[in-house]
Amino acid sequence: MASRKEKPVTGKGNNSTSADDDRPTANSTNETSISIEETNRIRAKLGLKPLETGEKNSTDEPNSDKKDIHIPAENLREKKATEELRRKLDERREKRKIEQKLAQVRTVVQTATTEDDDTVSWVEKSRRLQKQKEDAAKQAKMLEEMDEAFGVGDMVTTELMKQKAKAYTSKDLRGLKVEHDRDNILEGKDVVLTLKDQNILQEEGDVLVNVNLIDTERYKRNNEIKKQKPGYQPYEEEEVDEHGLPKPKILLAKYDTEIDGEKRDSFVLGKAGDEEAKLKAQKSIKDKLQMQQKKIESLESRPMQIASEYYTAEEMVSFKKVKRRVKKGGTKGGRVLKADDLIQGTEEAVSSDLGSRKRKMEEEAVEDLSGFKVTIEESQKEIRQAIMKANKLKEKKVEQWDMTTVARSIKREPVEENESMEEDPMKSSIILNATAEFCRTLGDIPTYGMAGNRDEDEDELMDFERQLAEERRRNQEKEERKREAERLQERGGWNVLERENEQGSDDSMDVDRHEKDNATVILDEEPDVGSGMAAALKLAMSKGYLEKEEKKRIVISKSAQELQAQRYTIEDKATEDDKYSRRNRFDGPVVEFKDKEGYKPLPKLEYMDDNGKPMSTKEAFRHLSHKFHGKGSGKLKSEKRAKKDEDKMLMNRMSSTDTPLNTLKKLQDKQKELQSPYVVLSGKMATTSIVKPGKGKK
Amino acid sequence: MIEITCNDRLGKKVRVKCNPDDTIGDLKKLIAAQTGTRWEKIVLKKWYTIYKDHIKLEDYEIHDGMNLELYYQ
């Protein structure tokens, strides 16, 4: 934004005095606003029209109010109609004008009628017209002569001449730039060059171009773009110039046209142009000379060879063994004094070594000269080694490892511990040790040690454990039984009898037992099974083959006992009334039914029909089979049966004494009526006649 | 002449006087002159409606005393 004179005040509640109108005012609400004058100034700077003052506002407001009222949309039809009218009116106006004009023109007819229909008058008229023309021509000539007199005519002619004569020579063209490649314009050809379109304000000089050449260049450029290779080639090969020099690689070459603009070849006409051409020629010559000087070697010069699988003679030379100086002699010569030497004080070795050192030095000298005296040195080395071994053997004799020494070395430590233990035997100081804890728990396993292969383990046990046992045995002399009891508890119920069993065992067992007794309490030897059944059983039990069944006795407290039923047997449970018991009604105790003693059931089965009528055996079976199969007889059959049943029923209802129509009864009734023993059936005296009365009368 | 309040919620509150037939772009220029930013950086909004530069205030029905939200892009 353009620089402002006053900066707006944006302080917090920083109220500026209103004396200076131009300064922006800040309210307590932290707003900034500037006055109208300042605004107008800014607007003028921005190029906007100044603020409309309030007066206009007042007039605007009613308008704006009116604007708020809905303005109906333009009626396009009306608009078209009005336009049509307008057009028509214009047309009519034009017509009127033309007619007016024409009205003024006198037609031939009119002229003929108005004037005398004379050739004479017509001739006169034509002559008059010609005269007018001549007069006009004369006038013009007169004016020209006057111009010439004043010298104005010359100026006009010269100007005209100038405009025509715009011819130019090659001199004029000197220094003009032509924006084409020099090679494009061939010799001897006429090329029409025009000025290139340029911006008005461009300060560079004129540039000439040829339209056709521009087209060809554009075409070429488009082709290049179409062919365009990918801009980024990470593994591109080195491109070589026409002279064989490597082309310098430009970074991000694809953006050059965008950044620098299109590069166009150009040359300058005239003398300046010639110089340029000369420079170019010189450069090309220089390049060629450079090429000749440089020795160009292509990568293809060395022919490819098949690699041989075997080493060549010269390569074998590299494998020649180069004997290095043996450092052993050197170390021996100046060896570090070891403890062995001090003890021994064998001077022989030292002296011999010195001698060897001398020899060693000689050897070294020999070695330097040639490497073919390897064999001599080797033998000497062997001699040296032998001497060393002999010395060592001597040393060894002095220090020999005895069994006793071994035992002593081992035994030394625990003795100390034992002594410490003896100091306070009663005070059972608990020294917890992982192995000790583990070994202690071993006693809990009932089968541990019963298999009889635990004799060897005894030795592996900690000496500490052994000491503990020893200590116990010492105390045992005083309180043996107590200990036994404890031991029993520890072992978990092993009987004392086992001990007695063991007494009758083999010698080896005795020995082991002794040792064992001395050693620990936990491991007991396997009992002898040969004594009897009891022993075998005991062994089995102890091993865990048999389980001691201990019945769990549920101890009920006294109060609980009161709640329980006193006389309750399990049989009572069976008579409990629940849904399961009711199902098996006849499962209960079966007793003779004594109420109906002389009862002999009649095996007479009476089956009833659906209607309640008794069925015969055959019918009953039919009924049963229908029910069984789930389907009855068909329609016809059932109807037949129904009819039969009905007939049967009617038959039953029929009177046996009378006819179906009850003729006899009627006769008797009639007789009673007439009080006569006879009835006249037909004739004059017949009271009843079959013939209908109606018929007769008609 | 109408007066419009422009508030960016970071403490800048500006009251600008302008004509109703001014465009939003002109309004932005006036705001820029007062606040010291660049007018191209200003975005005037009302909730999610972004006011476009080439439309007049009266076409947007922005009347006197209206509040616009001032954002920056």
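Predicted model: local features only at pLDDT ≥ 70, side-chain atom pairs only at ≥ 80, totals over all residues.
Of the area that chain B buries against chain A, 30% is supplied by Met1(B), Arg15(B) and Gln34(B), more than by any other three residues. In terms of contact (heavy atoms within 4.5 Å), 21 residues of chain B meet 22 residues of chain A. Local features are reported only at pLDDT of at least 70 and side-chain atom pairs only at pLDDT 80 or more, whereas totals for chains, interfaces and linings use all residues, and side-chain values rest on heavy atoms, with hydrogens and water left out. Residues are numbered from 1 along each chain as its sequence is written, and chains are lettered from A and ligands numbered from 1 in the order in which they are written.

Between chain B and chain A there are two salt bridges, a salt bridge being a side-chain nitrogen of Lys or Arg within 4 Å of a carboxyl oxygen of Asp or Glu. Asp21(B) pairs in this way with Lys49(A), with the closest N and O atoms 2.8 Å apart. By relative accessible area (1.4 Å probe, protein chains only; buried under 20%, exposed over 50%, partly exposed in between), Lys49(A) is partly exposed at 43%, while Glu52(A) is buried at 15%.

Eight residue pairs, both members at pLDDT 80 or more, are in polar contact across the interface of chain B and chain A; such a contact is a pair of N or O atoms within 3.5 Å, where within protein one must be able to donate a hydrogen and the other to accept it, and residues adjacent in sequence count only if both atoms are side-chain atoms. On the side of chain B that touches chain A, β1, β2 and α1 of chain B each supply at least two residues, and the largest share, six residues, comes from α1(B). Helices (H or I, at least four residues) and strands (E, at least two) are DSSP runs numbered from the N terminus.

The largest nonpolar core has 21 residues, among which Ile4(B), Leu27(B), Ile31(B), Leu44(B), Leu57(B) and Leu68(B) touch the most other members; a nonpolar core is a set of buried Ala, Val, Leu, Ile, Met, Phe, Trp, Tyr and Cys residues joined through side-chain atoms within 4.5 Å. At least two residues of this core come from each of β1 (2-8), β2 (12-18), α1 (24-35), β3 (42-46) and β5 (67-72) of chain B, and α1(B) gives the largest share, six residues. Beyond its neighbours within four places in sequence, Leu68(B) is in contact with residues including Ile4(B), Leu27(B), Leu44(B), Tyr51(B) and Ile62(B).

Over all chains, the structure holds 17 salt bridges. One of them joins Lys17(B) and Glu3(B), with the closest N and O atoms 3.4 Å apart; Lys17(B) lies in strand β2 and Glu3(B) in strand β1 of chain B, so the pair ties together parts 14 residues apart in sequence.

Note on methods
Buried area = accessible area lost by both parts, 1.4 Å probe.
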